[in-house]
Amino acid sequence: MKKSIFKNRWLPYLLISPQIVIVLVFFFWPSFESLRLSVFKVSPFGDRQIFVGMENFFQLLISPEYHRSVFHSFVFSGGVTFLGLAVSLFIAALANQKIRGLRFYRTAVLWTYGIAPPVSGIIWLFIFHPSYGFLPYLLSMVTSYEFNWLLKGWIAILLVIFAATWAHLGYNVAFFLAGLQTIPKSVMDAAKVDGASGFSLFRWVTFPLLSPVTFFLFIMNMVFSFFETFGIIHAVTQGGPGDATTIMVYKTYLDGFVHMRMGLSAAQSVILMALVISLTVLQFRYTERKVSY
Amino acid sequence: MNSAALEQIKKPQRDWKKPVIHLLLILSVFLIGFPLYYGFVISTQSMEESIQKPQKLLPSGYLLENYKKVWNRIHMGRLLINSSIVALVVSLGKIAISILSAFAIVYFNFRGKQLAFWAIFITLMLPVPVRIISTYQVVTSLGWVDTYAGLTIPLIASATATFLFRQFYLTIPDELVDAAKIDGSGPLRFLWSILLPNSGANIAALFVVMFIYGWNQYLWPLMITNSEKMKVVVVGIASTVPAGTQLPEWNLVMAAAMMALLPPVLVIILMQRWFVHGLIESEK
């Protein structure tokens, strides 16, 4: 920090107040409310609240449904993150070579960032459609396995993983490309002189130097797949079949707005809050330096 | 050894390499583009064509008819207008309040500055889903359910935009401020005639990123609107997906999906330079 050059008693407060008011009213107050509600039982119409201490959390701790939603969340997020990073690193590494048409290739991938996750979900829903979709039709020519997401949970998870990954590819590629461009040419040349080329150059030089970006993207993809993919689940699978695609955020929504169990839902919000706080803290602690460089 | 000399040595092996890279890239672009192409092709076919086996992966002649039909059925005009309002108010609102708060933080000393800075920072850790029920209650008690205010204002705070403007202001040389002071201009004058004209690139960059953020919102608009006339397009098209007993009009679903994704994708393609800048810079 530097500066602080103008002197004025009230102007700075006036300038910062719009942001602070929104932060207090729509971020802090609701978050405290969630914290508070998590130790209450609330009647369906919200008119009666009974203090129950940690009971909501204990209930989650022993609930097999909740355990499954945690498991589904990690399978889903792990899938989105791994697939997204692998595909986008592959594309970025190719596009970063000295070749013509880099601009074209970049645009041809970046546009995917504009797709809203639920819109992506609807397109993939049709691609996976058991009766009309292109993918089950293709597979039916090579196997007799019934590729029907309405019947098989793992196919439903695959469907939402594809939809989420597709909508986030542009983001990942943009960061990998930016990261690759910061690797000094002299380092690459030195490695080439030492005989590295092709895959070994990538494996032993480029990839380690990219690790800060990869780590950053790992966190951002986890945050994205945990907290910004509600629309895919809601618009495409509704958490089904059974509860195969009921991820934690979706279950929090179901308990709060459909089953009207506010306290239980608030407790789940608190757990999610702890999760996003840890991910953000991790990101800020380790992205600046530490990972290589 | 310099790199030009290195190129020379490597040349013979490289001849086969570039075509392979192009081939792999074209293949990737094709795979990434396929869902969009597929959706588009289906949106130009009649319902019978779209559900036949095997499907034709070529456009047919029903484009106008399908788009018109679904436009009228789900009041697409209204949905698109609502989404535009939300995306514009959210993106411009975030930019405006972030410019002001960053200006206060960098150019003034005031009590509670650190606290304000941290309060804004912490919003990064409170995405909509973790505070949804209580935020909904707050908005209900304000009487903002089913209004544009309810749709937009709770989304307007932005830590990333505030940090970006703060970083940028810190790079502005102090001499400019001194000069402004000698000219007798106050802080607001300085903000308006020195800082803002120099913030163009940052504003454009943030605008693209935030516009897409606003356009693609789903959970919040879903909760906070209940009438047809306040719905946004991303929520609206979800209702076109046929349930079990309805006609499988997937050609219309795809037409609706195409119309919902065209505006944000166009914004990215047309403002690509700003988009990449905004994306990368705002995460630093």
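Ten residues of domain 1 of chain B are in contact with nine residues of domain 2 of chain B. This is a predicted model, so a friendly reminder is in order: everything below describes computed features. Domain 1 of chain B covers 13–64, and domain 2 of chain B covers 70–281.

**Between the two domains of chain B**

- Taken over C-alpha atoms, the centres of domain 1 of chain B and domain 2 of chain B are 33 Å apart.
- The two domains of chain B bury about 710 Å² between them, and carbon and sulfur atoms account for 80% of that area.
- On the domain 1 side, Leu36(B), Ser43(B) and Met47(B) lose the most area to domain 2 of chain B, and together they make up 54% of what that side buries.
- Two helices of chain B, α2 (17–43) and α3 (47–51), each supply at least two residues of the side of domain 1 that touches domain 2.
- Of the elements on that side, α2(B) gives the most, with five residues.
- Sorted by class, the side of domain 1 of chain B that touches domain 2 of chain B has five nonpolar residues, five polar residues and no charged ones.

**Where chain A meets chain B**

- Here 95 residues of chain A are in contact with 111 residues of chain B.
- The area buried between chain A and chain B is about 9,600 Å², with 77% of it given by carbon and sulfur atoms.
- If you go looking for salt bridges across the interface of chain A and chain B, the rule finds zero.
- Polar contacts are another matter: 17 residue pairs are in polar contact between chain A and chain B, counting pairs with both residues at pLDDT 80 or more.
- Helix α1 (residues 11–37) of chain A gives the most to the side of chain A that touches chain B, contributing 20 residues.
- By class, that side of chain A is made up of 66 nonpolar, 20 polar and nine charged residues.

**Aromatic pairs**

- Over all chains, the count comes to 47 aromatic pairs.
- One of them joins Phe6(A) and Phe108(B), whose ring centres are 6.0 Å apart and whose planes stand at 35°, so the pair is tilted.
- This pair crosses between chains: Phe6(A) sits in the segment before α1 of chain A, and Phe108(B) sits in the loop between α5 (76–107) and α6 (113–122) of chain B.

**Salt bridges**

- Side chains of opposite charge can pair when their charged atoms come close.
- The structure holds eight salt bridges over all chains.
- In one of the salt bridges, the side chains of Arg36(A) and Glu33(A) meet at 3.1 Å, N to O.
- Arg36(A) and Glu33(A) are three residues apart in helix α1 of chain A, which means that about one helical turn separates them.

**Backbone details to look for**

- In chain A, the peptide bond from Gly240(A) to Pro241(A) is cis, with omega near 0°.
- Pro241(A) lies in the loop between α11 (230–237) and α12 (248–258) of chain A.
- Gln238(A) is also placed in the loop between α11 and α12 of chain A, and its phi is near 50°, a positive value in a residue other than glycine.
- In chain B, the peptide bond from Lys53(B) to Pro54(B) is cis, with omega near -10°.
- Pro54(B) belongs to the loop between α3 and α4 (63–73) of chain B.

Methods. Residues are numbered from 1 along each chain as its sequence is written. Chains are lettered from A and ligands numbered from 1 in the order in which they are written. This is a predicted model: local features need pLDDT of at least 70, side-chain atom pairs count only at pLDDT 80 or more; totals for chains, interfaces and linings use all residues. Side-chain values use heavy atoms; hydrogens and water are left out. Contact means heavy atoms within 4.5 Å. Buried area is the accessible area (1.4 Å probe) that two parts lose on being put together, summed over both. A salt bridge is a side-chain nitrogen of Lys or Arg within 4 Å of a carboxyl oxygen of Asp or Glu. A polar contact is a pair of N or O atoms within 3.5 Å; within protein, one must be able to donate a hydrogen and the other to accept it, and residues adjacent in sequence count only if both atoms are side-chain atoms. Helices (H or I, at least four residues) and strands (E, at least two) are DSSP runs, numbered from the N terminus. Ala, Val, Leu, Ile, Met, Phe, Trp, Tyr, Cys and Pro count as nonpolar, Asp, Glu, Lys and Arg as charged, and the others, Gly among them, as polar. Domain bounds come from an automatic or database domain assignment. Rings of Phe, Tyr and Trp (its six-membered ring) pair if their centres lie within 6.5 Å; planes under 30 degrees apart count as stacked, over 60 as edge-to-face and the rest as tilted.
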